[in-house]
Structure formats: structure tokens, C-alpha cells
Amino acid sequence: MNKTFRPALAVLASTLALASAAPAFAGKVLDTVKQRGSVKCGVTNGVAGFSAPDTQGNWSGLDVDTCRAVAAAVLGDAKKVEFVPLNSQQRFSALQAGEVDILARNTTWNLTRDASLGFHFTTINYYDGQGFLVPKKIKVTSAKQLKGATICTQSGTTNEKNVADWSKAQGIPVKTVVFESFEASFKAFFAGRCQAFTTDTSALAGLRNKEAPNPDDYIILPELISKEPLAPLVRRGDDEWFAIVKWVPNALIEAEEAGITQANIDELKRSSKDPAQQRLVGTGDDLGKLLGLDKDWSYRAIKAVGNYGEIFERNVGPKSVLKLPRGANNLWNKGGLLYALPVR
Ligand SMILES: N[C@@H](CCC(=O)N[C@@H](CS)C(=O)NCC(=O)O)C(=O)O
């Protein structure tokens with residue numbers, strides 16, 4: 001070997017050794033969360049299936065479960081979450097100002113938001129697309145028939161911009177009416193102010209089933225006019241917290257791939273000999289320490305909310321009022337787009 005390369009290689013080797021042995025340094029957000037004893041999670045004011053309070057103020061939904069899983073992983077208790085309702089306009093400034101530790105609020109990951117707001121998107125927890133809800137009585141069965149229609153939507157969303165793009169690209173002029181509050185926007189629609197309502201189709205399913213005076217009087221049109229990959233996000237500047245909020249939801253997807261459920265996790269913790277399962281249930285390699293957590297971080301998260309498939313089923317799938325098909329949100333080896341990064 002050329003002698004001049006030897007010292008450089010030695011430095012590289014020792015750097016790599018250090019990198020693999022070094023413990024993670026807990027970031028400021030994790031310290032604050034531990035001191036406070038709760039995770040502050042920015043959510044919506046109420047979108048069925050994603051984040052909505054019941055009459056007693058108990059929150060549920062797919063985004064809510066992401067925050068509960070993080071709380072279980074870092075604080076050992078899925079209940080230690082403070083939910084902060086934010087409308088579409090308020091959500092980003094609240095995260096920037098440090099009013100929440102995580103924004104888990106049906107938020108679409110796109111270039112502008114990723115590159116200009118000072119955030120890191122973490123793991124996509126729902127692949128969505130924008131659509132239209134219309135009353136059956138107007139006899140519209142395709143978005144192509146919306147020429148000249150008045151369309152209600154909420155400001156501060158991708159939806160507002162997508163409908164303008166779609167209208168231009170398709171040569172279908174429409175009149176968009178935007179509202180700052182979600183409630184005001186859908187109430188106006190159900191009162192007949194607009195011929196169509198547009199937002200992410202998952203939210204349209206919630207609107208139709210939970211808010212419509214009579215769900216059977218409304219249909220969701222077949223066209224999807226955009227891609228809406230929804231993901232929780234965190235502020236930049238704390239790589240350790242970013243890693244936690246990236247790896248916890250990822251572990252819930254990996255748990256589904258590995259066949260670990262809320263019901264079988266304790267049995268697998270006792271008896272599994274499969275290294276992939278062992279890492280997730282806390283009996284294999286200790287990956288928690290690399291995140292500034294303990295060995296049972298993912299065990300607690302899965303035990304608290306279930307694997308991704310269970311979360312989907314309960315909140316938006318067959319066990320919910322939304323009854324959304326698994327579609328793109330199925331695992332990659334079952335025809336969907338979910339592909340967990342290896343937890344190893
Ligand atoms: N995914 C889209 C839309 C998200 C969004 O804010 N949707 C509205 C309409 S469903 C909402 O959640 N409103 C609830 C609220 O403001 O509390 C985005 O990130 O802009």
C-alpha cells in the first residue's frame with residue numbers, strides 16, 4: 001500500500017470506530033420533554049381519523065397515535081401528550097416558535113415547506129391526494145364537470161394552491177372561496193354556499209361521514225388532483241429529536257412488516273428468536289441508546305398504539321367510520337408504498 005495513505009486510513013478507521021461506539025447526545029428538546037413530563041403535539045382542531053377530540057376531550061387519530069407512540073418511547077407513557085389544536089395558518093408559526101415539539105397535523109411534505117420554513121419532515125404516515133366532495137343533487141360525477149363551480153376550501157393549505165393549478169392545467173375555470181377555519185369552511189359548504197368542497201380525500205371521507213347532515217347525499221368524485229404525502233415534522237437544530245421522531249413511526253411500520261402486534265408483543269418479547277423481531281421488542285441489539293433512549297423504546301411504542309396496520313385499521317380503516325381502503329398506505333410487499341427503513 002502507498003505509505004501516504006496509511007495514516008489517512010488509520011484516522012478514518014478510528015473515526016468510524018468512534019462513530020459506532022459513541023452514545024447519542026440527548027438534544028435540548030428531549031431534555032425539555034423529560035423535564036416537562038409531556039410531549040407537546042400540534043394537531044388540528046378536529047379532523048376525523050387524524051386528530052379529533054371526543055366530547056370528553058380525549059384525542060384520537062392516526063396523527064394522535066404518532067405523538068402517543070413518541071411519548072411512550074421517550075417518557076414511558078403514551079398518555080403524556082399535550083395536544084395543541086392549530087388551524088392550517090397557525091401550525092407552522094407554532095412549531096417555529098417552540099409552542100409544540102412535533103407537528104403531527106395532516107401536513108403535506110413539499111419542497112417549499114421543506115426548504116424554507118426551518119423544519120425537518122420525518123416519516124410519511126399517510127399517502128393522500130386531494131379530491132372533491134359534492135352533493136349528489138347537482139348530478140356531477142367527475143371533476144371535469146366542475147366548470148364554473150364555486151369551491152369551498154381552507155386557507156393556508158396546499159389544497160388552496162392545488163385547485164388553482166388544476167383549474168389552469170385542465171382549463172376548467174372555478175371560483176374558490178377560502179375560509180380561515182375548517183369548521184366555517186365545511187359549514188358553508190353543507191349550507192349550500194359552494195357546489196364542491198376540496199381538501200385531502202381522507203379528510204373528505206371524515207367530512208362526509210361525520211359532518212354531513214346526511215352522508216348519503218354526498219359523493220367524493222373519483223379524480224385525485226394532487227399528491228399529499230402527510231408527515232409529522234420538527235424544528236431544525238436538534239438532530240437527536242429529529243432522529244427520534246423519524247425512527248418511532250418508522251418502527252411502527254417495521255413492526256407490521258415483522259408481524260409484531262399489540263396482542264402478541266409480550267409473547268414475542270418472551271420467546272422470539274428472530275433477530276429483527278428481537279430488536280423491536282427490546283430483547284436484541286440495543287438500538288435505543290443510539291437515539292438517547294433505552295432498549296425498550298420501540299417495545300413501548302408498539303405496545304401503546306399497535307403496529308402501523310393496527311393504527312390504520314382503528315383510525316381510518318375498517319374499524320373506523322371512515323372505512324378508507326389501505327391502498328397506497330399498505331406495505332411495499334403488499335402493493336403499497338410503505339417501506340420501513342431497517343431498524344438495525
Ligand atoms: N395536507 C394539506 C391540508 C392540511 C389541512 O390543514 N387541512 C385542513 C382541512 S381538512 C385541516 O386540517 N383543517 C383543520 C383545522 O384547521 O383545524 C396541507 O398540508 O396543507
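User: Leaving aside its neighbours within four places in sequence, which residues is Thr158 in contact with?
Analyst: Once the residues within four places in sequence are set aside, Thr158 is in contact with Thr108, Asn110, Arg113, Gln130 and Glu228. Keep in mind that this is a predicted model. For a pair to count as a contact, heavy atoms have to be within 4.5 Å.

User: Where does Thr158 lie, and why is it called buried?
Analyst: Thr158 lies in helix α6, which covers residues 158-170. Buried means under 20% relative accessible area. Thr158 has 11%, so it counts as buried.

User: On to the helices. What makes α3 and α9 roughly perpendicular?
Analyst: The axes of α3 (residues 62-75) and α9 (residues 239-257) cross at roughly 110°. Angles of 65 to 115 degrees count as roughly perpendicular, and therefore this pair gets that label. The two axes also come within 10 Å, and α3 passes α9 in a right-handed crossing.

User: Which residues make the contact of α3 and α9?
Analyst: On the α3 side you have Thr66, Ala69, Val70, Ala73 and Val74. The α9 side brings Trp241, Ile244, Val248, Pro249 and Leu252. Sorted by class, that contact has nine nonpolar residues, one polar and no charged ones.

User: How do you know that Cys41 and Cys67 are joined by a disulfide?
Analyst: Go by the sulfurs: the cut-off is a pair of cysteine sulfur atoms within 2.5 Å. Cys41 and Cys67 have S to S at 2.0 Å, so the pair qualifies as a disulfide. With 60° about the S-S bond, the link is right-handed.

User: How many disulfides does the structure hold?
Analyst: Two. Besides Cys41 to Cys67, a disulfide joins Cys152 to Cys194, again with S to S at 2.0 Å. Counting bonded cysteines along the chain, the pattern is 1-2, 3-4.

User: What makes the disulfide of Cys152 and Cys194 right-handed?
Analyst: The torsion about its S-S bond is about 75°, so the disulfide is right-handed. The pair links distant parts of the chain, 42 residues apart. Cys152 is in strand β9 (residues 150-154), while Cys194 sits in the loop between α7 (182-190) and β11 (196-200). Relative accessibility is 0% for Cys152 and 3% for Cys194. Both values are under 20%, so Cys152 and Cys194 count as buried.

How values were computed: Residues are numbered from 1 along each chain as its sequence is written. This is a predicted model: local features need pLDDT of at least 70, side-chain atom pairs count only at pLDDT 80 or more; totals for chains, interfaces and linings use all residues. Side-chain values use heavy atoms; hydrogens and water are left out. Axes are lines fitted to C-alpha atoms, for helices over the stretch in contact, and angles run from 0 to 180 degrees between N-to-C directions. Helices (H or I, at least four residues) and strands (E, at least two) are DSSP runs, numbered from the N terminus. Angles under 35 degrees count as roughly parallel, over 145 as roughly antiparallel, 65 to 115 as roughly perpendicular and the rest as oblique. A crossing is left-handed if the near helix is turned anticlockwise from the far one by less than a right angle, and right-handed if clockwise. Ala, Val, Leu, Ile, Met, Phe, Trp, Tyr, Cys and Pro count as nonpolar, Asp, Glu, Lys and Arg as charged, and the others, Gly among them, as polar. Buried means under 20% relative accessible area, exposed over 50%, partly exposed in between (1.4 Å probe, protein chains only).
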